[in-house]
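Here are some quick notes from going through this model, for whenever you have a moment. Have the viewer open while you read.

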Amino acid sequence: MKHSGSEILGQFLSRPGTDAPISVVGGGATGIQFLFEIEHFLRYHKYKNKLRLIDSGDQVLKQFPGQLARYVETLMTDLNIEYYPTTYFRGQQQGKIRLEDKNIGSQFELASSLTFLFSGKSQGSLLKANAFGQVIVDQQILQHVFVAGDCSYYQSIGSNTLTAQSAVRKGKLAARNLLRHSGLFKLLEPYLHRDIGYVISLGPSNAVGWLALENNVVTGLAAYTIKEIVEAQYDLLLVGIDTYLL
Ligand SMILES: Cc1cc2nc3c(=O)[nH]c(=O)nc-3n(C[C@H](O)[C@H](O)[C@H](O)COP(=O)(O)OP(=O)(O)OC[C@H]3O[C@@H](n4cnc5c(N)ncnc54)[C@H](O)[C@@H]3O)c2cc1C
């Protein structure tokens, strides 16, 4: 919290004996975004460390349309980032990373001065809710208990993705339904929000994502601009200015 990531990374890499490759584990949205930030940092500061991505899947960004993975994998090739798909991270000790081939089961080691783990985390307490955001326990609807955000799964056609986009829509719906529920008619509104896009940044001036329809893939500066706007919109909401139309 006291120092920026680039400051910490710079201090580490300026120490002697740190010129072995840097490993990023995890090809999900977080791992990919960090990978390209680190790549830009190394290039900008002229560090010679090679960069590699290790992922247990057979392609990156598995939960997104395949075109996003293909764009990212091509970019990794262009930027000389080593890619180890279908590979498990098993540990790191004294400048060496231990990996396991997922298909064959054989283990091997590679030199790695620094290893970042972005292997995700499993969801803890997930609460089921009906389409109005009211919690369901043992098939009983708790009329007065509403839930929203990552910890909720709504039984409706709306999006249950673990994203700020869904969390904001569910939160707003739950708030409206709380008010409606305390009114005379108790006519609640169902959750119908479908994802309208998702953008993953690839360094400070590139991004990839989809907009409106899952096969409508946006890349480059256009995608980056969308990401900046979406983030600004979220920051505005957190300070009380609601600019969401959909
Ligand atoms: C690294 C990263 C990058 C992401 N990037 C994106 C992105 O680009 N776009 C996108 O749409 N989504 C992104 N997400 C997902 C997005 O952040 C979440 O979907 C969103 O924050 C969910 O909102 P939430 O309110 O449900 O949970 P959170 O934002 O996680 O808030 C939960 C809060 O509850 C608090 N809390 C937890 N337990 C307790 C307790 N027992 N008592 C009191 N307080 C408690 C926590 O401290 C936290 O403040 C990203 C997530 C991560 C981790």
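1. What share of the 246 residues of the protein chain counts as buried? The value is 25%. Bear in mind that this is a predicted model.

2. On the overall layout: five helices and 14 strands make up the list of elements in the protein chain. The C-alpha trace spans about 70 × 40 × 40 Å along its principal axes. As for contacts between residues at least 6 apart in sequence, 54% of them join residues at least 24 apart.

3. With 13 residues at 1.5 Å a residue, α3 should span 18 Å, and its end C-alpha atoms are 19 Å apart, so the two values agree.

4. Next, which residues of α3 are buried? They are Leu-68, Tyr-71, Val-72 and Met-76. These residues cover an arc of only 135 degrees around the axis, which means that they sit on the same side of α3.

5. What do the buried residues of α3 pack against? Their partners are the helix α2 (29-44) and the strands β2 (51-54), β3 (82-84), β13 (207-211) and β14 (213-219).

6. Gly-66, Thr-74, Thr-77 and Asp-78 are exposed, on the face of α3 that is turned away from its buried side.

Note on methods:
Residues numbered from 1 in each chain as written. Predicted model: local features only at pLDDT ≥ 70, side-chain atom pairs only at ≥ 80, totals over all residues. Helix = DSSP H or I, 4+ residues; strand = E, 2+ residues; numbered from the N terminus. Buried ≥ 20, exposed ≤ 12 C-beta atoms within 10 Å, placed from the backbone. Contact = placed C-beta atoms within 7 Å. Expected span 1.5 Å × (residues − 1). Arc of directions from axis to C-beta.
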